[in-house]
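This briefing is for a reader who has the sequence and the model side by side. It goes through the topics one by one, beginning with the space inside the protein.

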Amino acid sequence: MTPNPVISLPLAPLFLAEEVPHLLFYLGAVLVSLLGSLVLIWIIVAVRVLVSSRGMTTALNNFFAAIVNGNYGAAYGMLTPELQGELSAKDFKEFVKTQGLRQYKRLELPLVEVEAGRCPLDLTVELQTGQMIDLTLDLVRVEKTWLIDGLAMGKSAETSPEAS
């Protein structure tokens, strides 16, 4: 009778079983690092947007408050000299009255994108009657103040479906 030969099993599966917890730890560390990097990038972008648009909301609120209060001179004073050269105070007042902006209630401010101190905005303005109107404003930062450099009814060509 011959003895049975010894069957030797490879040790690889046993070795891998011991390494799995270490691999999971490193994989988890990589995922946490990636998530942390994404959060950091998001925070940096958010801070850039906040810093670059500082004072914009206040300027818009002051502009519409002056209109609602009938102080067209103050609202007109928030236009750039270039826009004032194109649009007389009388024409501005007529535009505001014709479009019903004196009935301003609130506006929906989109995400802003400021480039070189300029910010085009497509706003949705809600009037006290409940009517929603589209208004395009071009804002420009002059020193620390935001002024209106463009004013038109409707959406700008950049965001309208026809421009695509």
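The structure has one cavity of 30 Å³ or more. Helix 2 (56-68) and strand 4 (145-153) are the elements that each give two or more residues to the lining of the largest cavity.

**The cavity lining**

- The residues that line the largest cavity are Ala59, Phe63, Met78, Leu139, Trp146, Leu147 and Ile148.
- Strand 4 gives the most to this lining, with three residues.
- By type, the lining of the largest cavity divides into seven nonpolar residues, no polar ones and no charged ones.
- Empty space of this kind is found by rolling a probe the size of a water molecule over the atoms.

**Strand 3 with strand 4**

- Strand 3 (residues 132-142) pairs with strand 4 in the antiparallel sense, over eight bridges.
- Which residue of strand 4 is the bridge partner of Leu139? The partner is Ile148, and both Leu139 and Ile148 are among the residues that line the largest cavity.
- Asp138 also has a bridge partner in strand 4, namely Gly150.
- In a regular strand, side chains alternate between the two faces of the sheet.

**The turn at Glu143**

- Strand 3 and strand 4 make a hairpin with two residues between them.
- Glu143 lies in the loop between these two strands.
- Glu143 has a positive phi of about 60° although it is not a glycine.
- Most residues other than glycine have a negative phi.
- Is Glu143 buried or exposed? Glu143 counts as exposed because its relative accessibility is 75%, and the cut-off for exposed is over 50%.

**Strand 2 with strand 3**

- Strand 3 also pairs with strand 2 (residues 118-127), again in the antiparallel sense, and here over nine bridges.
- Arg118 stands opposite Val140 of strand 3.
- The hairpin of strand 2 and strand 3 has four residues between the strands, and Gly130 in this hairpin takes a positive phi near 95°.

**The overall fold**

- How many helices and strands does the protein have? Its secondary structure comes to five helices and four strands.
- Along the sequence, these elements follow the pattern α-α-α-α-α-β-β-β-β.
- The protein has 164 residues, of which 26% count as buried.
- Among contacts with a separation of 6 or more, 44% are between residues 24 or more positions apart.

**Confidence of the prediction**

- The average pLDDT of the protein is 79, and 77% of the residues score at least 70.
- Where in the protein is confidence lowest, and where is it highest? The lowest mean, 75, belongs to helix 1 (residues 12-52), and the highest, 93, belongs to helix 3 (residues 72-76).
- Over residues 157-164 the pLDDT stays under 50. For this stretch the model has three contacts beyond four places in sequence.

Technical notes
Residues numbered from 1 in each chain as written. Predicted model: local features only at pLDDT ≥ 70, side-chain atom pairs only at ≥ 80, totals over all residues. Heavy atoms only, no water. 1 Å grid on protein atoms, 1.4 Å probe; cavity = no way out; pocket = protein on both sides within 12 Å on 5 of 7 lines; lining within 4 Å. Points joined across faces, edges and corners; volume = space filled by probe spheres on them. Nonpolar A, V, L, I, M, F, W, Y, C, P; charged D, E, K, R; others polar. pLDDT = per-residue confidence, 0-100. Contact = heavy atoms within 4.5 Å. Pairing = 2+ DSSP bridges. Buried < 20%, exposed > 50% of the residue type's maximum accessible area, 1.4 Å probe, protein only.
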